[in-house]
Amino acid sequence: VSLVARALGDPAKPGEAKLDIDGKVAGEKPQAFLVLLFPDLPLERIATPAGSQGRLIVKLSGVPNVKVTGKAALETAPIEVAFVGQGSLQPSGLALAGKGAVVSKDASAALTLLGFEAPPSAANVPLSLRFDFTKQASTVDLSGIAGSIAGETVTGSAHLDQSGPKTHFAL
């Protein structure tokens with residue numbers, strides 16, 4: 001773990017403090033550290049085979065309740081995910097906007113990350129996608145999707161509503 005974090009503000013109001021975070025976590029299940037930055041992130045959605053090694057890289061700067069800009073990348077054996085953009089903590093939850101990418105040799109890892117139960121047919125299906133990403137409350141929009149799934153070129157958009165017990169979507 002290599003982490004440098006600075007906060008300037010009232011200790012009683014951490015959401016209003018100016019933050020600068022620059023860190024890297026390497027080893028088994030590095031994504032566990034994401035919950036420190038994103039408390040509502042469902043870590044069970046990130047595929048983590050026993051003993052899997054990986055790396056999490058985070059660089060963030062800003063005031064959480066107003067606007068934080070930065071980038072984050074998670075690199076594990078089952079999936080690699082990257083995000084560059086901005087976000088803030090809102091009363092309705094984490095809000096994000098930016099560009100994302102996901103690469104995996106197993107599409108089921110990406111489906112699980114989005115809140116879907118992956119069918120057996122998704123196993124061992126490679127994917128590589130880039131997209132614009134927006135999250136407001138329990139709604140996620142992926143626009144400008146471009147890349148490949150199982151060697152086939154794909155483009156499009158997706159709208160995900162995660163407000164209920166099951167994720168609802170429109171493609």
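**View 1. The largest nonpolar core has 19 residues, and V102, L127, L129, F131, F133, L142 and I145 touch the most other members.** A nonpolar core here is a set of buried Ala, Val, Leu, Ile, Met, Phe, Trp, Tyr and Cys residues joined through side-chain atoms within 4.5 Å; buried means under 20% relative accessible area (1.4 Å probe, protein chains only). At least two residues each come from β6 (93–104), α2, β7, β8 (139–149) and β9 (152–161), with β7 giving the largest share, four. Helices (H or I, at least four residues) and strands (E, at least two) are DSSP runs, numbered from the N terminus. This is a predicted model: local features need pLDDT of at least 70 and side-chain atom pairs 80 or more, while totals for chains, interfaces and linings use all residues. Residues are numbered from 1 along each chain as its sequence is written, and side-chain values use heavy atoms, leaving out hydrogens and water.

**View 2. V125 sits in the loop between α2 (107–113) and β7 (127–136).** V125 is buried, at 18% relative accessible area. Beyond residues up to four places away in sequence, V125 touches S104, K105, D106, A107, I149 and A150 (contact: heavy atoms within 4.5 Å).

**View 3. F83 and F133 make an edge-to-face pair, with ring centres 5.8 Å apart and planes at 75°.** Rings of Phe, Tyr and Trp (its six-membered ring) pair if their centres lie within 6.5 Å; planes under 30 degrees apart are stacked, over 60 edge-to-face, the rest tilted. F83 is in β5 (residues 80–90) and F133 in β7, so the pair ties together parts 50 residues apart in sequence.

Definitions and conventions
Buried < 20%, exposed > 50% of the residue type's maximum accessible area, 1.4 Å probe, protein only.
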